[in-house]
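Welcome! Here is a short briefing on the spaces inside a protein model and the residues around them. Please take a look at the sequence and structure first.

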Amino acid sequence: MSGSRSEVGARLGATATAGMERWRDRLALVTGASGGIGAAVARALVQQGLKVVGCARTMGNIEELAAECKSAGYPGTLIPHRCDLSSEEDILSMFSAVRSQHSCVDICINNAGLARPDTLLSGSTSGWKDMFNVNVLGLSICAQEAYQSMKERKVDDGHIININSMYGHQVSPHSVIHFYSATKYAVTALTEGLRQELREAQTHIRATCISPEVVETQFAFKLHDKDPEKAAATYERIKCLKPEDVAEAVLYVLSTPPHVQIGDIQMRPMEQVI
């Protein structure tokens, strides 16, 4: 993460607009909040005065972030929740707990995702299933449950934001990304399908995806877990996006007037060619 936490806080705090005031004290769910983009988004929303349920398979990092937010005096609250996004049972249990303890989900940010280096010609079906279960099914279940939560409470101005990828708009020449890219193309289609179904249901709930490329997180190190030098090189060749850049895009999307529907934000590092 670039800069001190106070610098990051100042930068994100400056992004706050009158449009974010309507979200104050409301509930946002952020999946994959234990690090990277998810942690940056969770922090940004807490800074804006929201109650944020941050979920991931491991709790330690989220609990640490929650303590940091409290210590910093941010007006919102971060509530850690353990959830395996590859498990439908876990997801349904989490939404049940949110309903009983915190009322309705007003904002659902589907950030959790994973990549396995399983190519199309020689990759394992277990790796493909891991990616599909989290990146496609987990995201879809969370979106459906979030909508049902909003519908039950008659929330008509909610927002579902899917953190997608530029790999959901272009096929990389790197074979280890091909199946991952297919799951992200699915997210592109699912977000537009969700938007259409929300209109058919005559709601004013919005659906958006944000598609960044090369964000400096642990993503490459997990993808290339047996080749840390190759992973590190991913972030050294150009000035990459930071998780906070994506968090600022989330705040922008949320701060737009309710009549504005942003379908997708595509983000690249300035120095990236393709």
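In this predicted model, there is 1 cavity of 30 Å³ or more. The space in this largest cavity comes to about 30 Å³. Helix H5, which spans residues 125–152, supplies the largest share of its lining, with 4 residues.

**The cavity lining**
- Around the largest cavity you will find Thr31, Leu85, Asn110, Ala112, Val134, Gly138, Leu139 and Cys142.
- By class, this lining has 5 nonpolar and 3 polar residues, and no charged ones.

**A look at Val134**
- Val134, one of the residues lining the largest cavity, sits in helix H5.
- Is Val134 buried or exposed? Val134 counts as buried because its relative accessibility is 9%, and the cut-off for buried is under 20%.
- Beyond its neighbours within four places in sequence, Val134 touches Leu85, Ser86, Ala112, Gly113, Leu114 and Leu139.
- Between Val134 and Ala115, the C-alpha to C-alpha distance is 9.7 Å, with the two lying 19 residues apart in sequence.

**The second largest pocket**
- The second largest pocket holds about 280 Å³ of space.
- This pocket is lined by 13 residues, and the closest to its centre are Ser140, Ala143, Gln144, Leu194 and Glu197.
- Helices H5 and H6 (178–200) each give at least two residues to the lining of this pocket.
- H5 provides the largest share here, with 6 residues.
- The lining of this pocket divides into 7 nonpolar, 5 polar and 1 charged residues.

Note on methods:
Residues numbered from 1 in each chain as written. Predicted model: local features only at pLDDT ≥ 70, side-chain atom pairs only at ≥ 80, totals over all residues. Heavy atoms only, no water. 1 Å grid on protein atoms, 1.4 Å probe; cavity = no way out; pocket = protein on both sides within 12 Å on 5 of 7 lines; lining within 4 Å. Points joined across faces, edges and corners; volume = space filled by probe spheres on them. Nonpolar A, V, L, I, M, F, W, Y, C, P; charged D, E, K, R; others polar. Buried < 20%, exposed > 50% of the residue type's maximum accessible area, 1.4 Å probe, protein only. Contact = heavy atoms within 4.5 Å.
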